[in-house]
Amino acid sequence: MRRLVSGRKAVQDAGHPERLVDSSLMAVQVVVSPFTTNTTVVYVGGAETLALASGEAGQPLVTDGTSSSRATLENIDLVHIWIDSRTDAEGVTWLAIVDE
C-alpha cells in the first residue's frame, strides 16, 4: 500500500547544506519545491549541494512568489537528499509517495 508523506525544511545556516529529513524514509517518488516566500535560490542534491555565490552545486530551485521550479526524484531514501540556501531560514517543501 502506498501513502503520501509531506514536510518542509528550512536551512538554519545558509551556505551549510542540511539533510532534507533526519531519518531514513524510502520514497517511490518525491517532489521538492522552494518556499514561495524565499527571496533567493535554494539548491537540492546530494551531500555536495552548495548555495554559495562562489560555488554552487545541486539543482537550483527558484520561486517568484506564485509559481516555483521543482525537482522530482524517484526511488530514493530521503535521508540522502540535501538542501542549501543563500539566505538563513529559507528552504523547501516536499511531497513523497512511500510504500508501507
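Guide: Start with a term: buried means under 20% relative accessible area, exposed over 50%, and partly exposed in between, with a 1.4 Å probe and protein chains only. This is a predicted model, in which local features need pLDDT of at least 70 and side-chain atom pairs count only at pLDDT 80 or more, while totals for chains, interfaces and linings use all residues. Residues are numbered from 1 along each chain as its sequence is written, and side-chain values use heavy atoms, with hydrogens and water left out.

Now the backbone. Asn-75 is not a glycine, yet its phi is positive, about 50°. Asn-75 lies in strand 8 (residues 71-77); strands here are DSSP runs of E, at least two residues, numbered from the N terminus. Asn-75 is exposed, at 57% relative accessible area. Ala-89, also not a glycine, has a positive phi of about 75°. Ala-89 sits in the loop between strand 9 (82-85) and strand 10 (91-99). Its relative accessibility is 51%, so Ala-89 counts as exposed.

Next, the core. A nonpolar core is a set of buried Ala, Val, Leu, Ile, Met, Phe, Trp, Tyr and Cys residues joined through side-chain atoms within 4.5 Å. The largest one has 19 residues. Leu-20, Val-32, Leu-78 and Trp-94 have the most contacts inside it. Strand 3 (26-34), strand 4 (42-45) and strand 10 each supply at least two of its residues. Strand 10 gives the most, with four.

Contact means heavy atoms within 4.5 Å. Beyond neighbours within four places in sequence, Leu-78 touches Leu-20, Val-21, Leu-25, Ala-27, Val-30, Trp-94 and Ala-96. In soluble globular proteins, nonpolar side chains tend to be buried together.
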